[in-house]
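User: I have a structure open and would like to go through it with you. Could we take it one topic at a time?

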Amino acid sequence: MAAVALATLAVLVTAADTYVVVLALPDILTGVGVGLDDLQRATPIVGGFLLGYTATLPLLGRLADLRGRTPVLVGCLLLFALGSLLTASADSLGLAVAGRGLQGIGAGGLVPATLALVADRWPPERRSVPLGVVGAVQEAGAVLGPLAGAAVLAAADWRAIFWLNLLLGLGLAAGIAAAARSRRPDGVGLALASLAALALALQLAEPAALAEDVTLGLLYVPVVEAWPWTTPLALVAVLAAAALGARSLATPAGALLPLRGLGALAREVDVLGSALAVVALGSLVWAFAAADPATQVVAHGRLLLPLAGVTALLFVLHERRTANPVLPLAAMRPVGAWGALLVNLLVGVALVAALVDIPLFARATTAPGDQLGAALVLLRLLVAVPVGAVAGGWLCRVVPPRLVAAVGMALAAVAFVAMTSWDERSLDGWPSTVVLLAAGLGFGLAIPPVNAVLLAVTRPEVHGSAGALAVVARTVGMLAGLSLLTAVALRRFTAEVAAIGTPMELCPTTPADCAAYDAATEAALLTQLHTVFAGAAIAAGLAAVAALVLLRSSGPVRGPAGG
């Protein structure tokens with residue numbers, strides 16, 4: 001139980017990190033030498049996290065099935081901590097992007113491993129509530145992330161956010177490892193790992209109190225002048241890591257790093273299938289993440305989409321023939337399994353419209369230029385999502401999951417339909433709060449039943465892979481929905497602005513003419529946002545229908561639990 005609680009807390013920490021850059025991004029850019037007049041270069045920082053988060057999920061989910069949930073949870077937290085260390089100490093854009101990419105890999109792998117861990121601990125008829133709690137915690141990151149980022153930025157600079165992530169990642173990894181072990185951990189190995197981590201952190205951070213000290217500053221002076229990496233701190237980190245590796249190979253029982261089993265694991269893991277999945281998902285994610293909605297739906301469409309399609313086809317053909325597939329596609333044949341993935345995809349499309357366009361609507365109407373005010377408007381929706389997730393988990397114990405999910409997404413669809421009639425004064429009254437709470441509650445209600453059905457119709461030995469596919473489906477839905485809905489809405493806006501005419505035509509002499517032009521432009525902007533809300537309503541409605549028709553479980557699938 002302690003391992004589940006710590007894993008859920010880890011999901012909360014990494015989910016918050018997904019959104020923490022929302023407020024810190026300008027400071028991060030200036031901190032790594034990128035001017036605020038060059039904001040388009042921020043795309044790799046956001047895209048790098050998404051790329052790491054999504055592209056490696058099939059491999060991490062499979063590893064959780066092959067080697068147990070705990071090693072994957074601990075490994076992902078260590079990767080997250082390493083990425084936090086690189087980002088916190090970054091002095092260039094490339095290092096910051098690499099750090100965010102490692103953070104994304106670690107954060108993404110935690111979700112399927114935690115879902116699988118919950119499925120291991122609770123039988124199908126009782127797991128909907130803990131799955132709802134995990135879903136609630138994951139969604140709470142969208143609320144806590146920006147708030148935590150704002151709190152840290154009020155007291156320190158942006159690097160403190162990632163130093164805090166480093167400490168949390170290491171602490172949670174140690175806690176999960178200790179909670180899952182019945183025997184005493186390797187004390188010598190733990191000391192070597194701590195020494196290597198401390199030396200590396202001091203080398204990368206290079207705090208002024210040490211680097212500028214007459215004596216301690218020698219730790220940063222290369223032993224061989226021609227090789228900058230030969231500082232005493234770097235050498236200590238390398239030697240400690242090498243000693244840790246040697247000890248793990250010599251004493252595999254209780255070793256901190258399970259290196260002795262890596263050869264066998266490499267033979268069990270489908271390396272070619274994993275590589276094809278990374279290329280296919282990476283191409284798809286980057287095509288949407290790097291797109292400029294004002295001019296395109298996808299970036300580098302002539303290259304990335306064909307590459308994603310070809311590698312996805314090769315992946316499917318390879319997976320059907322290999323003895324050890326990275327994604328056991330045969331296990332996903334039940335209608336409930338692929339139905340859950342389809343519902344998750346559509347939920348992602350609708351959810352991203354809320355996350356992006358509700359703040360935009362607030363800034364365009366009641367809070368022009370007020371980022372905090374716009375965020376508080378979105379908060380009305382976000383606070384209801386965790387509440388809905390817990391309620392949805394409880395309802396699944398007494399109501400068929402497909403009905404819970406269908407009602408939830410139908411409620412979200414109705415809320416989005418109401419948003420299509422909002423005007424510049426709608427956010428001032430209580431009805432808009434009711435609409436936002438209803439949308440958040442609807443999204444929350446849909447989360448537990450989708451996961452519960454997916455884990456109920458698949459075998460326990462593939463729960464890690466199934467959880468990974470659920471995360472992939474929702475992430476791809478969010479990326480594709482953001483790009484497609486924004487592109488369609490911008491085209492409507494452009495068409496309406498073109499029909500209005502130019503300022504020189506409409507306000508040649510009097511202020512009244514100019515006021516009419518401004519009003520017409522604002523109306524065109526509202527039309528753009530209404531178009532996004534309408535698209536989200538369609539996606540949510542389709543998700544409700546898909547849930548009602550497809551989220552059917554033929555009964556709990558039983559089998560041996562994973563470790």
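User: Is Glu461 buried, partly exposed or exposed, and why?
Analyst: In this predicted model, Glu461 has a relative accessible area of 34%, so it counts as partly exposed, since that class lies between the limits of 20% and 50%.

User: Which residue does Glu461 form a salt bridge with?
Analyst: The partner is Arg459, and the closest N and O atoms of the two are 2.7 Å apart. Arg459 is partly exposed as well, with a relative accessible area of 37%.

User: What about Arg100, which side chain does it meet?
Analyst: The side chain of Arg100 meets that of Asp17 in a salt bridge, at 2.8 Å from N to O. Arg100 belongs to helix H5 (residues 93-121) and Asp17 to helix H1 (residues 2-31), so the pair ties together parts that are 83 residues apart in sequence.

User: Are Arg100 and Asp17 buried or exposed?
Analyst: Both Arg100 and Asp17 are buried.

User: And Arg474, what is its salt-bridge partner?
Analyst: Arg474 forms a salt bridge with Glu139, and their closest N and O atoms are 2.5 Å apart. This pair links distant parts of the chain, because Arg474 is in helix H19 (residues 463-500) while Glu139 is in helix H6 (residues 128-155), 335 residues apart.

User: Why does Arg474 count as buried?
Analyst: Its relative accessible area is 14%, and buried means under 20%. Glu139 is buried too, with a relative accessible area of 8%.

User: New topic: how do H16 and H18 pack?
Analyst: Helix H16 (residues 384-395) and helix H18 (residues 430-456) pack at an angle of about 40°, and their axes are 6 Å apart. The two helices are therefore oblique to each other. Their crossing is right-handed.

User: Which residues make that contact between H16 and H18?
Analyst: On H16 they include Ala384, Val385, Gly388 and Leu395, and on H18 they include Leu437, Gly440, Phe443 and Pro448. By class, the contact of H16 with H18 has 11 nonpolar, five polar and no charged residues.

User: How does H17 pack with H18?
Analyst: Helix H17 (residues 401-419) and H18 pack at an angle of about 155°, with axes 7 Å apart. That makes H17 roughly antiparallel to H18. The crossing of H17 and H18 is left-handed.

User: Which residues are in contact there?
Analyst: Among them are Pro401, Val404, Met409 and Phe416 of H17, together with Val435, Leu436, Ala446 and Val453 of H18. The contact of H17 with H18 has 20 nonpolar, two polar and no charged residues.

User: Now the whole protein: how many helices and strands does it have?
Analyst: The secondary structure comes to 21 helices and zero strands.

User: What share of the residues is buried?
Analyst: Buried residues make up 50% of the 563 residues in the protein.

User: And what share of the contacts with a separation of 6 or more comes from residues 24 or more positions apart?
Analyst: Residues 24 or more positions apart account for 79% of those contacts in the protein.

Definitions and conventions
Residues numbered from 1 in each chain as written. Predicted model: local features only at pLDDT ≥ 70, side-chain atom pairs only at ≥ 80, totals over all residues. Heavy atoms only, no water. Axes fitted to C-alpha atoms, helices over the stretch in contact; angles between N-to-C directions. Helix = DSSP H or I, 4+ residues; strand = E, 2+ residues; numbered from the N terminus. Parallel < 35°, antiparallel > 145°, perpendicular 65-115°, else oblique. Left-handed = near helix turned anticlockwise from the far one by under 90°. Contact = heavy atoms within 4.5 Å. Nonpolar A, V, L, I, M, F, W, Y, C, P; charged D, E, K, R; others polar. Salt bridge = Lys/Arg side-chain N within 4 Å of Asp/Glu carboxyl O. Buried < 20%, exposed > 50% of the residue type's maximum accessible area, 1.4 Å probe, protein only.
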